Amino acid sequence: MKELTGIIAEIREFCLHDGPGVRTTVFFRGCPMRCLWCHNPELRADGGGKPYTVPEAAGIIMQDAEIMRSSGGGVTFSGGEVLMQSRFACELADRLSPLHLAIETSGYGSREAYRQLVKRADLIYQDIKCMDETLHRKLTGCGNREILQNIRFLQDSGKPYIIRIPIVPGMNDDKNDLAKTAGFLRQNPGGLLKVELLSYHAGAVSKMRKMGLPIPSGLPEKECPVDPELYQCFARLPGVKI
C-alpha cells in the first residue's frame with residue numbers, strides 16, 4: 001500500500017510571526033482561491049514543491065521540538081491552503097502532538113476537512129476577505145458560503161481563533177461590508193480572541209511581475225496602511241483587542 005504523501009513548498013524554522021513563541025511553519029502547496037492581491041502566487045500552482053511522507057515531514061519538524069516547547073511555541077500549518085491536503089495535514093498533526101498547533105486558513109474547503117483540522121488545532125487564524133458573495137467571487141474566484149458555514153462551526157467549537165482581514169484599498173475596504181463582517185462575528189463570537197486588519201503591501205505585484213503574471217486592474221502598487229476609521233467597525237466586539 002502506497003504511503004500517504006503531501007506536497008510542501010517549505011518547512012521554515014524559527015518563525016516568530018505565525019503564532020506564539022518560536023515556531024516551525026509548514027507551507028502547503030496549492031490553493032483553490034485566486035485572490036487578486038495574493039501574496040504567495042508561487043504556492044497556487046500545481047507544480048513545484050516537494051513530496052513528503054508523514055514520517056519524513058514529522059522527523060524534520062520534531063528536530064526543533066525542545067526549542068519550540070521551551071519558548072511556548074509550536075508548529076503552524078500555512079500555505080497555499082492546508083485544506084487542499086487535509087488528510088495529510090491531519091495525519092501530520094497527529095504525529096506532532098502535543099506540540100502547539102496553529103492553522104492559517106481561508107476556510108474554503110469541505111466541511112469535514114475543516115472540522116477535522118479544527119479538532120486538532122490549538123489556535124486558528126481564519127481569513128475573511130469580504131461578506132458580499134458576489135464581490136467575494138469577483139475578488140477571489142470563489143464564493144464564500146462554505147467559508148461562512150465553516151466559520152460558524154469554528155465559533156460553535158469554542159476553539160480560540162483570530163480573524164484576519166486583508167484590507168486592499170479599492171477592493172474590499174467598503175465600510176458597509178466590514179460592518180456586516182463585524183455583525184456576523186458579533187452574532188456568535190465563540191472563542192474569538194481578536195480581529196486583525198492587515199495592511200496591504202506591494203509584494204504581490206513584484207512577485208507577479210517576476211512570474212510573468214498579469215497585474216490585476218486596480219491593484220495598488222505601493223504600500224497602503226489601514227485607514228484607522230475602519231477599526232471602528234469592530235470596536236464593539238466583546239473581548240476583542242484591535
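Modeller: In this predicted model, the chain exposes about 11600 Å², and carbon and sulfur atoms supply 51% of that area.

Biologist: What percentage of the residues in the chain is buried?

Modeller: Buried residues account for 50% of the 242 residues.

Biologist: How is the radius of gyration of the chain to be read against that of a compact globule?

Modeller: For 242 residues, a compact globule would have a radius of gyration near 18 Å; the chain has 18 Å, which agrees with that expectation. Along the principal axes, the C-alpha trace spans about 50 × 45 × 30 Å.

Biologist: How many helices and strands does the secondary structure of the chain contain?

Modeller: The secondary structure comprises eight helices and eight strands. As for contacts between residues at least 6 apart in sequence, 71% join residues at least 24 apart.

Biologist: How many positive and negative side chains are there, and how far apart do the centres of the two sets lie?

Modeller: There are 31 positive and 28 negative side chains, and the centres of these two sets lie 2 Å apart.

Biologist: Let us turn to aromatic rings. By what is a pair of aromatic rings described?

Modeller: Such a pair is described by two quantities, the distance of the centres and the angle of the planes. A search of the whole structure finds two aromatic pairs. In one of them, the ring centres of phenylalanine 28 and phenylalanine 77 are 5.2 Å apart and the planes stand at 65 degrees; since an angle over 60 degrees counts as edge-to-face, this pair is edge-to-face.

Biologist: Are phenylalanine 28 and phenylalanine 77 buried or exposed?

Modeller: Phenylalanine 28 has 0% relative accessibility and therefore counts as buried. Phenylalanine 77, at 0% relative accessibility, likewise counts as buried.

Biologist: Why is the pair of phenylalanine 28 and phenylalanine 88 classed as it is?

Modeller: The ring centres of phenylalanine 28 and phenylalanine 88 are 6.2 Å apart and their planes are at 70 degrees, so this pair is edge-to-face. Because phenylalanine 28 lies in strand S2 and phenylalanine 88 in helix H3 (residues 86-96), the pair ties together parts that are 60 residues apart in sequence. Phenylalanine 88 is buried, as is phenylalanine 28.

Biologist: Which residues form the aromatic cluster?

Modeller: Phe28, Phe77 and Phe88 form one aromatic cluster.

Definitions and conventions. Residues numbered from 1 in each chain as written. Predicted model: local features only at pLDDT ≥ 70, side-chain atom pairs only at ≥ 80, totals over all residues. Heavy atoms only, no water. Helix = DSSP H or I, 4+ residues; strand = E, 2+ residues; numbered from the N terminus. Rg over C-alpha atoms; globule rule 2.2 N^0.38 Å. Buried < 20%, exposed > 50% of the residue type's maximum accessible area, 1.4 Å probe, protein only. Contact = heavy atoms within 4.5 Å. Areas by Shrake-Rupley, 256 points an atom, 1.4 Å probe, with all protein chains shown as cover. Lys, Arg positive; Asp, Glu negative; His and termini not counted. Charge placed at Lys NZ, Arg CZ, Asp CG, Glu CD. Phe/Tyr/Trp six-rings, centres within 6.5 Å; stacked < 30°, edge-to-face > 60°.
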